[in-house]
Every structure is written in structure tokens, then in C-alpha cells.
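Trainee: I would like to learn how to read a model like this one. Please take me through it.

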Amino acid sequence: MNLPQRIICLTEETTELLYLLGEEHRIVGISAYTVRPEIAKKEKPSVSAFINGNVKKIKSLKPDLVIGFSDIQANLASELIKEGLNVLVTNQRTIDEICQTMILIGALVGKQIETTKLIESWKIKLNDIQLLTQGKHKPKIFFQEWDEPIISSIAWVSELIQICGGEDIFSETGNGILAKDRIVSSIQVRDKNPDAIIGSWCGKPVNFNWVKNHPDWQDTNAIRYNRVYEMDPSIILQPGPALFLEGVDELYRLIWGDEVKVFGNGTGETTS
């Protein structure tokens, strides 16, 4: 079986992984939202947003594989399949599922061993971060993905909050596969009294005035002690390398106010 030679990446995490593996020459089109790595947007044509894509342009690039992510891209995937293209859409939601998906993609380009090595180094990093907070009081964290409706964290973010020593106040909703399954009310947020609010609104910046002046949240610890933060969606809401290279470090810093000085340099090797 021949490996795919012309790949369209409809989301950023696949592009980033293929660059890390030295297989960027296979990429013939990327998402317009791609920011990692920076060079990708200079080298590769943009063919899609997140929900929609330029089917005519994608087809003109003659891909032998199109890779997408999540149910949100179902309609775009359907259009491309109807055009006779090979489409792979994954629905990873947990850290384990993210790792499994990366191994799958690595195998598709003949780099399963190298991908596994990267993942093993990232797992060591996560374990070391988790050890840093053993025995500490767990601050309660509300991770907000959207404002109206209010959407709480997806499963992998909830897991990372716990790895970083925090308590995700809506961990029970994180297993919801669809965004609508993670809708919460402002009253629920109030009643859980988060110590910090971390926003990452995919597609628009966090509106700090909206958060800080929300009438239901004025007595929460997060507002009283001005612990409202923003994370770049590209390092926390993309189910791929960015989570392990930068996202978990930034999340730890926001929860504890410290830099993470542990392992994981993105090469599959560890540093002390």
C-alpha cells in the first residue's frame, strides 16, 4: 500500500504534527486558522475555515487524503466524499484519544515509531507536572470555551487541569462529545465558586468586561481576587502537539503563577 503523497489538513493539529515529523512535503492545503508552525501559512495554501471549505479548490489540489476533526466538519467531509475524495475525520476528545489519533496519522506517513517517541516524551512531561502539585490544595477552575451560551471545557482540557493540580468545576460535563453537551448556566458557575476563570473562546478574544462584570459572578473568588485569564485557543483547543509543547505549561502557570521547569522539548528527548 502506497503512503498518501498529497494531504489536505482541515485543522491545525495535523499540520503541526506532520511538520514535527518532517513530512510537511506531503501537505498541499491547510486551514486558514493555522498558526502552528508559523511557516506553514507561508508555504501552504489555505483551503478551509473550520466548518466550511473551498471544495473546488481542495479538489483542484488533487489530494489523495483529506484529514479533518470532529462532527463539526461532518458536512464539509460529506461534500468532499461526494466529490470522490478520500476523507479521514477523527473525533478525539481525551488525551488518550489524541495520542491514539496522532499515532494513526504518523502511521499513515510511515512515521509511527517517531510519533510514538514524541508521545512518550510528552507523557513523561505530564507525569512530572502532576508530581509538582501532589499534596497541594486544588484550586477550583472554571475553563470557559464560549460566552453565549456558556460552554465549559472539553474533556482533554478538563484532564489537563487535573494534571496541573487544579479542580475542573465542570469535570462531569467534559465527557460530552458535542459542545451542546457542555453548556452550563451562569448560576451553576456561581454556585461552584471558582477560584479562577480561564477563558479560551475559539474564534474571538475573551471579553474580560463581560466576565468580570457578570452580575451572577461578583461574589466568586475568581472575580473577588481578579483571577480571570485568557489562553490562546491554538495551544489549548487544538487536539495535537500544541497541548503538550505549550498548552499545559501555560495552563500550569495560570493556575499556580509559576513557570513549568520540567521535561519535554518536542524532539522526543528529555531534558532536566
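This is a predicted model: local features need pLDDT of at least 70, side-chain atom pairs count only at pLDDT 80 or more; totals for chains, interfaces and linings use all residues.

Mentor: Residues are numbered from 1 along each chain as its sequence is written, and side-chain values use heavy atoms, with hydrogens and water left out.

Trainee: What is the mean pLDDT of the protein chain?

Mentor: pLDDT is the predictor's confidence in each residue, from 0 to 100. Here the mean is 93, and 93% of the residues reach 70 or more. Over residues 263-272 the pLDDT is below 50.

Trainee: Which residues of helix H4 are buried?

Mentor: An α-helix has 3.6 residues a turn, so residues three or four places apart point the same way. Helices are DSSP runs of H or I with at least four residues, and strands are runs of E with at least two, numbered from the N terminus. In H4 (residues 74-82), Leu76, Ala77 and Leu80 are buried (under 20% relative accessible area, 1.4 Å probe, protein chains only). Seen down the axis of H4, the buried residues fall within an arc of 100°, taken from the directions to the C-beta atoms, so they line one face. On the other side, Asn75 and Lys82 are exposed (over 50%).

Trainee: What follows H4?

Mentor: Glycine 84 follows H4, and its phi is positive, near 85°.

Trainee: Which elements each supply at least two residues of the lining of the largest cavity?

Mentor: Helix H1 (12-20), strand E4 (65-69) and helix H5 (95-108) do.

Terms used:
Contact means heavy atoms within 4.5 Å.
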